[in-house]
Amino acid sequence: MSYELFIALRYLTAKRKQTFVSVISLISILGVIVGVAALIIALALMTGFQQDIREKILGANAHLTVFGAWPGKPIQDPEAVVRTLRSVPGIAAASPVVLLKGLMVSDLVPGGTGVILKGIRLAEERRVTDLAEKVSSGDLTALSHEGESSLPGIALGKDLAATLDVAPGDRVRVVLPQLQMTPFLPVPRSRPFQVVAIVDSGFYDYDSTRGYIDLREAQSLASLEGAVTVVEARLSQLSRLKEVGEEAQRRLGKDYLVNDLVAMNRTFFSALNLEKLLMSIAVGLIVLVAALNIITVLILMVMEKMRDIGALLAMGVPPAGISRIFMAQGILIGLFGTAVGCLLGLGLCWWLDAYQVVKLPVEVYYIPYVPFKIRGVDVMGVCLVSLIAAFLATLYPSRQAGRLDPVEALRYE
Amino acid sequence: MNEPIIRTQQLFKSFPSGDRRLQVLRGLSLEVERGEMVAVVGESGAGKSTLLHLLGGLDRPDSGTILLSGREMGTLPPEERARFRNREVGYVFQFHHLLPEFTAEENVALPCLIRREPMEPARRKARQLLEELGLGDRLLHRPPELSGGEQQRVALARSLAGDPSVLLADEPTGNLDLHTSELVFTLIRKSACRRGAATVLVTHNERLASRCDRVCVLEEGVLCTLSGSRYKFGWESPAVKL
Ligand SMILES: Nc1ncnc2c1ncn2[C@@H]1O[C@H](COP(=O)(O)OP(=O)(O)O)[C@@H](O)[C@H]1O
Ligand SMILES: [Mg+2]
């Protein structure tokens with residue numbers, strides 16, 4: 001072991017009469033530990049949220065959505081579009097969909113609430129989104145054939161069902177903002193449905209607004225007669241989203257508009273990334289404070305060890321060697337604090353995630369508990385930042401120590 | 001044997017004092033041979049410590065030359081000077097200046113560790129030295145747990161650990177009682193003699209000074225060698241001008 005490390009280690013570990021300095025050095029180590037652990041937890045939290053939300057967005061949405069050339073223009077020949085889409089390499093499935101905006105009322109909530117109705121072909125929808133896996137109660141297959149009460153079936157998002165206070169078996173009425181001529185007077189188009197299933201996508205935006213009905217039912221409700229509003233498609237590999245989207249657009253021509261999932265949620269995804277960055281910076285300030293602590297400890301240590309420094313210089317330690325002794329102390333604090341902080345952070349992340357410790361109000365967040373997902377690069381980045389900060393913190397005090405005049409150090413009382 | 005190990009010529013050293021300069025050394029010259037022990041006496045503030053700092057290269061003179069074993073200290077770059085000091089110079093101070101967090105053995109091992117010798121041989125050598133100085137049963141004590149005389153003996157062991165050719169002792173017995181002073185002095189004398197080191201011993205103790213090979217008085221910035229009986233009364237009284 002070099003004398004620098006030997007002395008630095010002893011200075012850090014020896015019991016000393018000036019408890020003040022050892023308390024401060026303890027605080028500085030704690031600072032690094034807390035900083036590193038907090039950063040790791042914060043990043044794991046952001047990653048957890050992002051992954052969770054991303055998965056939900058990816059699952060609940062089709063990867064590509066084809067619209068008519070201008071907003072609101074129906075697609076008159078959906079089968080042709082579906083065929084073209086299926087011919088594009090990389091597209092695994094495509095399915096025609098009718099999206100309608102309307103109002104839904106129930107017996108218990110006659111005031112109703114705004115909804116988006118999605119008319120689907122169940123067999124094809126299964127291959128495009130993960131709707132079928134998200135049914136929490138009831139039976140989605142009842143959508144396609146008439147229920148026992150001869151009313152058409154509807155599946156509701158779970159928060160929507162809660163708002164309307166309905167369960168499978170109950171009735172709801174859908175009202176569209178389009179007028180229908182009756183022999184007496186024009187009335188809004190409306191139709192009763194029987195709730196057959198409740199869908200829990202875990203995505204509040206969807207679960208609070210969406211109702212799912214059979215495609216033909218939606219077409220007749222909106223008088224579309226064979227036309228649809230969009231055609232949705234799923235890719236076999238999400239990584240090629242952009243190229244496949246462009247290829248689909250090329251094959252469909254300019255009568256159609258192909259939009260991909262990421263483009264449609266662009267602001268959302270970039271907001272997520274920005275949030276992660278801002279959070280890292282905020283928590284990174286803790287590491288900065290820890291580094292400042294290290295500077296303080298080292299400056300106090302240099303003052304406390306003035307006579308030792310004089311003796312060491314007299315024994316032939318070069319000025320650079322004195323610097324290295326104090327640099328080693330700072331680096332040891334950094335290394336130890338980072339290692340412990342890292343383990344602490346990882347342990348806490350695991351615990352928080354495995355036991356779903358932090359619950360969330362479901363109306364506000366997309367998920368019922370805070371997920372923590374550790375990424376290797378994040379952990380390495382945090383450790384690197386912490387070690388670099390500790391190293392930088394040693395520069396000033398160790399340089400000052402190396403500049404001490406031996407005679408003054410020997411005379412120091 | 002009579003090639004001087006320490007050879008200084010015309011040393012001048014001053015310190016800033018207010019807006020003027022305090023001239024401490026004014027053309028001091030000193031030669032010490034291998035195995036020779038020179039006592040330096042003088043009033044407090046005469047510049048004795050300053051002289052030892054200059055001799056060991058801890059400070060630089062304003063002018064003049066210092067040759068240690070034929071090397072000019074002043075011209076060496078700091079790293080070289082430190083290495084040279086580590087190999088050639090041993091210091092003993094009035095206040096032992098041992099490192100309080102290290103055991104006696106570790107303190108004595110430091111000079112060898114500083115020159116990058118491995119830990120085990122350095123410790124072994126330290127044990128030998130401490131045993132030689134009668135501290136075989138104090139190896140694992142830390143300085144605060146030792147008596148003043150023991151502390152100075154550990155400090156002496158440390159100064160000898162690097163096998164220096166020059167031993168510089170600044171009032172090593174200044175804080176010790178008569179009997180302990182005697183013991184420490186004898187140990188310094190014996191071990192320096194055995195190793196053939198050139199020793200400069202600053203002391204206030206008349207009896208100890210008289211037992212050195214030569215006694216020099218530092219007065220008005222220069223050294224005067226006292227010969228024969230003169231020193232017995234000469235340097236004690238400031239009224240006597242040399
Ligand atoms: N670094 C310094 N700055 C200013 N004055 C100093 C310094 N070192 C020593 N002196 C002065 O030089 C004189 C000699 O000091 P010193 O060599 O310690 O004397 P002593 O003979 O008692 O050991 C004293 O007057 C002291 O005040
Ligand atoms: Mg002095």
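Reader: Hi! Which residue of chain B does R10(A) meet in a salt bridge?
Author: Hello! The side chain of R10(A) meets that of E106(B), with N and O 2.7 Å apart. A salt bridge here is a side-chain nitrogen of Lys or Arg within 4 Å of a carboxyl oxygen of Asp or Glu.

Reader: Where do the two partners sit?
Author: E106(B) is in helix α3 of chain B and R10(A) is in helix α1 of chain A, which makes this a pair that crosses between chains. Helices (H or I, at least four residues) and strands (E, at least two) are DSSP runs, numbered from the N terminus.

Reader: Before I go on, what kind of model is this, and how do the labels work?
Author: It is a predicted model, where local features need pLDDT of at least 70 and side-chain atom pairs count only at pLDDT 80 or more, while totals for chains, interfaces and linings use all residues. Residues are numbered from 1 along each chain as its sequence is written, chains are lettered from A and ligands numbered from 1 in the order in which they are written, and side-chain values use heavy atoms, with hydrogens and water left out.

Reader: Thanks! Are E106(B) and R10(A) buried or exposed?
Author: Both E106(B) and R10(A) are buried. Buried means under 20% relative accessible area, exposed over 50%, and partly exposed in between (1.4 Å probe, protein chains only).

Reader: How many salt bridges cross the interface of chain A and chain B?
Author: The rule finds three across that interface. One more to look at is E4(A) with R116(B), whose closest N and O atoms are 2.8 Å apart. That pair also crosses between chains, from helix α1 of chain A to the loop between α3 (104-114) and α4 (119-132) of chain B.

Reader: How much area do the chains bury between them?
Author: About 2500 Å², with 64% of it on carbon and sulfur atoms. Buried area is the accessible area (1.4 Å probe) that two parts lose on being put together, summed over both. F6(A), R10(A) and M315(A) supply 24% of the area that chain A buries against chain B, more than any other three residues.

Reader: How many residues take part in the contact?
Author: There are 28 from chain A and 29 from chain B, where contact means heavy atoms within 4.5 Å.

Reader: New topic: what can you tell me about L313(A)?
Author: L313(A) is found in helix α11 of chain A and is buried, with a relative accessible area of 5%. Leaving aside neighbours within four places in sequence, L313(A) is in contact with residues including P319(A), L404(A), L58(B) and R85(B). The C-alpha atoms of L313(A) and E4(A) are separated by 13 Å, though these residues are 309 apart along the chain.

Reader: What about a salt bridge inside chain B?
Author: Take K13(B) and D59(B), whose side chains meet at 3.4 Å, N to O. This pair links distant parts of the chain, 46 residues apart, with K13(B) in strand β1 (residues 4-17) and D59(B) in the loop between α1 (48-55) and β4 (63-68) of chain B. K13(B) and D59(B) are both buried.

Reader: Which residues are joined into one network by salt bridges that share partners?
Author: R10(A), E105(B), E106(B), E120(B), R123(B) and R127(B) are.
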